[in-house]
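Try each exercise yourself before you read the worked solution.

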Amino acid sequence: MCRSIKTLRPPVLPEEATEEEIRAAALQYVRKVSGFRAPAAHNQEVFDRAVDAIAEATGELLAGLEVRGVGAARKAG
């Protein structure tokens, strides 16, 4: 399952990751860690909260990363 989580930062991803891409990665992570592809009804709320928290943390991580050399590579291309 984790193989489907792709790198969401330049230069691997040419533009900023979308909310949809970030949420999909968070969902894959929660599925892998929990061992559930789809949680039972009694676990749905905690599953969804985990996806939300991880998506938020991922967005903060990507916004704060400084990837050196990416700007220079884009200008040269």
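This is a predicted model: local features need pLDDT of at least 70, side-chain atom pairs count only at pLDDT 80 or more; totals for chains, interfaces and linings use all residues.

Residues are numbered from 1 along each chain as its sequence is written, and side-chain values use heavy atoms, with hydrogens and water left out.

**Exercise 1. Check the span of helix α2 (residues 44-64) against what you'd expect at 1.5 Å a residue.**

Step 1: Helices here are DSSP runs (H or I, at least four residues), numbered from the N terminus. Helix α2 has 21 residues.

Step 2: The expected span is 1.5 Å times one less than the number of residues. For α2 that gives 30 Å.

Step 3: Now look at the ends: the end C-alpha atoms of α2 sit 30 Å apart, which agrees.

**Exercise 2. Work out which residues of α2 are buried and which are exposed.**

Step 1: Set the cut-offs: buried is under 20% relative accessible area, exposed is over 50%, and partly exposed is in between (1.4 Å probe, protein chains only).

Step 2: Phe 47, Val 51, Ala 55 and Thr 58 come out as the buried residues of α2. Looking down the helix axis, you'll find them within an arc of 70° (taken from the directions from the axis to the C-beta atoms), so they line one face of the helix.

Step 3: What covers the buried face? Part of the cover is α1 (19-34), where contact means heavy atoms within 4.5 Å.

**Exercise 3. Track down the three salt bridges and say how exposed their partners are.**

Step 1: Look for a side-chain nitrogen of Lys or Arg within 4 Å of a carboxyl oxygen of Asp or Glu.

Step 2: Asp 52 pairs with Arg 23, with the closest N and O atoms 2.7 Å apart. This pair links distant parts of the chain, since Asp 52 is in helix α2 and Arg 23 in helix α1, 29 residues apart. Asp 52 is partly exposed at 40%, and Arg 23 is partly exposed at 36%.

Step 3: Glu 45 and Arg 49 form a salt bridge at 2.9 Å between the closest N and O atoms. They're four residues apart in α2, so about one helical turn separates them. Glu 45 is exposed at 57%, while Arg 49 is partly exposed at 47%.

Step 4: Glu 66 meets Arg 68 at 3.6 Å, N to O. Glu 66 is exposed at 62%, and Arg 68 is exposed at 74%.

Conventions. Helices (H or I, at least four residues) and strands (E, at least two) are DSSP runs, numbered from the N terminus.
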